[in-house]
Amino acid sequence: DMKIKFKEYQKNDFKDLDHCMVQLQDFIVKIDPLKRLRRAPKYSPRYSENILEKVAKYDGVIFLVYDDKKIVGCGVGIIEEQSEKNLLECVPTRAGRVVELFVSSKYRNLGIGKKLMSKMENYMRKKKCDVIRVEVFEPNKTAHNFYRKFDFQDRVIDMIKLLK
């Protein structure tokens, strides 16, 4: 019997955030067809420390998801600052960015990701954002379809070619 609860990140939650980031990276590494991605030895705790810095600097938020006391997911969002260079080619905008969204494999398809996204959207509305952006790793079809359900559209496609 599950007791799913959501909470905002607090200082003593670092281990839980880090646990999610490690799981997410391991998943992404596993599905990389070009085998270009890895989880370096210092990934934990460095990556999560970087997230905390970004969240602090860009007025961000972290939501954690628990089944009772067990961490089962998280969402990280920030408010992007529009650069002067960007203003030369784009209309003035205030963009929220979903930096990370993760739900442990056993807990997928239970509506947890949906709740995380709705919390993220509410946060960004409160912060007066007019758009939300998210980067999706192309081989991660599940994530791509997930965001499509929330009316996200493909915007920029980054391509790669291996030089032999």
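Student: Which residues do the ring pairs link into a cluster?
Tutor: Ring pairs tie F146, Y147, F150 and F152 together as a cluster, where rings of Phe, Tyr and Trp (its six-membered ring) pair if their centres lie within 6.5 Å, and planes under 30 degrees apart count as stacked, over 60 as edge-to-face and the rest as tilted. Keep in mind that this is a predicted model, in which local features need pLDDT of at least 70 and side-chain atom pairs count only at pLDDT 80 or more, while totals for chains, interfaces and linings use all residues. Residues are numbered from 1 along each chain as its sequence is written, and side-chain values use heavy atoms, with hydrogens and water left out.

Student: How many aromatic pairs does that rule give?
Tutor: The count comes to 4 aromatic pairs by this rule. For Y147 and F152 the ring centres are 5.4 Å apart and the planes stand at 65 degrees, so this pair is edge-to-face.

Student: And are Y147 and F152 buried or exposed?
Tutor: Both Y147 and F152 are buried, buried being under 20% relative accessible area, exposed over 50% and partly exposed in between, with a 1.4 Å probe and protein chains only.

Student: Switching topic, what is the strand order in the sheet?
Tutor: The open sheet has 5 strands in the order β1-β2-β3-β4-β5, with mixed pairing. β1 (4-8) and β5 (131-134) are at the edges with a single partner strand each, so one side of each has no neighbour in the sheet. Here two strands pair if DSSP finds at least two bridges between them, and helices (H or I, at least four residues) and strands (E, at least two) are DSSP runs numbered from the N terminus.

Student: Which way do β1 and β2 run, and how many bridges join them?
Tutor: β1 and β2 (residues 61-67) run antiparallel and are joined by 5 bridges; F6, for example, has V65 in β2 as its bridge partner. By contrast, β4 and β5 pair in the parallel sense over 4 bridges, and G96 is bridged to I132 in β5.

Student: Where is the cis peptide bond?
Tutor: The cis peptide bond joins S44 and P45, with omega about 5 degrees, and P45 lies in helix α2 (residues 43-57).

Student: What about phi of K35?
Tutor: Phi of K35 is near 55 degrees, which is positive in a residue other than glycine. K35 sits in the loop between α1 (14-31) and α2, and K35 is exposed, with a relative accessible area of 60%.
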